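I opened my notebook to look up charged pairs and surface patches.

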Amino acid sequence: MRRDVPNPEALNAEASGDAILTFAEVTHTALAEPLRVVADVLPYSWRGVEWSPVMFEFEAVTDTDRPPEARIVLPAIDRTIANALIALPDRARISVWVLTSADFDLDTEPRVAVGVPVPLMELLNFDLMDVNGTVQSASGRLMLRDYTTEPWPGKRATRSRTPGLFT
C-alpha cells in the first residue's frame, strides 16, 4: 500500500507491515565521497544514489536544556567505515533521515524509492564528534554546533596572519 504521507497511527500500532528505515550520510573534505548507509540488510537507491546496508543503531535526539544530541553506533563487521570515521582529523557532518519501507519497492535489489518519499524525521548537518572504536563497534555523538562556546572573533589579527597591520 503506497501513501504520500506516512500514517503515524499505523507506525505506532502493535503490529505494522511497514518497517522503519534509518538512512545516514557522513560528509567530510577528507572523504573521497560521502559515506551513505541504511539500517537494513539490502542496499537502497534513494535521492539518485545508492545506500550501503549496515545494521547500525541510532539513538534519537535528546530533548533537554542542553544542545540537541544523539548517538550512532556502527557494528565492526566491516572495519572500512569505522576506520574511515576514526581516522578523520576533525569533525565530520552527518545527516539522518527516517523513512518507512512503504516508501520503497521491496521486490527489487537495490530497493528503489516509489515516488518521492516524505521522511518521518530529518536531522540535517549535525557534527559527528567523539568518534571511537572497539573490536565490536564504532560510535559517535551527533550534536549541533554550540556557537556560545566558540571563541569570538573566530580569527584574530596576528602578526603572521596580517603582517601589514604590524609595520
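**Ground rules.** I worked on a predicted model, where local features need pLDDT of at least 70, side-chain atom pairs count only at pLDDT 80 or more, and totals for chains, interfaces and linings use all residues. Residues are numbered from 1 along each chain as its sequence is written, and side-chain values use heavy atoms, with hydrogens and water left out.

**Salt bridges.** How many salt bridges are there? I took a salt bridge as a side-chain nitrogen of Lys or Arg within 4 Å of a carboxyl oxygen of Asp or Glu, and the count came to six. As a reminder to myself, side chains of opposite charge can pair when their charged atoms come close.

**Entry: Glu-25 and Arg-36.** I found these two side chains in a salt bridge, at 2.7 Å from N to O. Glu-25 sits in strand E1 (residues 20-27) and Arg-36 in strand E2 (residues 35-38), so distant parts of the chain, eleven residues apart, are linked. Is Glu-25 buried or exposed? Its relative accessibility is 18%, so Glu-25 counts as buried; the cut-offs are under 20% relative accessible area for buried, over 50% for exposed and partly exposed in between (1.4 Å probe, protein chains only).

**Entry: Arg-91 and Asp-127.** The closest N and O atoms of this salt bridge are 3.3 Å apart. Arg-91 belongs to the loop between helix H2 (79-86) and strand E7 (92-100), and Asp-127 to strand E10, so the pair ties together parts 36 residues apart in sequence. I noted Arg-91 as partly exposed at 37%, whereas Asp-127 is buried at 1%.

**Entry: Asp-130 and Arg-141.** Here I read 2.6 Å between the closest N and O atoms of the salt bridge. Asp-130 is in strand E10 and Arg-141 in strand E11 (residues 137-143), so parts eleven residues apart in sequence are tied together. Asp-130 is partly exposed at 45%, while Arg-141 is buried at 18%. I also saw that salt bridges with shared partners join Arg-91, Arg-93 and Asp-127 into one network.

**Entry: the patch.** Which residues form the nonpolar patch on the surface? They are Ile-20, Leu-120 and Met-121, with about 230 Å² of accessible area together. Leu-120 is placed in the loop between strand E9 (111-113) and strand E10 (121-133), and I logged Leu-120 as partly exposed at 36%. Patch members need over 30% relative accessible area and no salt bridge; like charges are joined within 9 Å, nonpolar side chains (Val, Leu, Ile, Met, Phe, Trp, Tyr) within 5 Å. Accessible areas come from the Shrake-Rupley method with a 1.4 Å probe, and for residues only the protein chains shown count as cover.

Technical notes
Helices (H or I, at least four residues) and strands (E, at least two) are DSSP runs, numbered from the N terminus.
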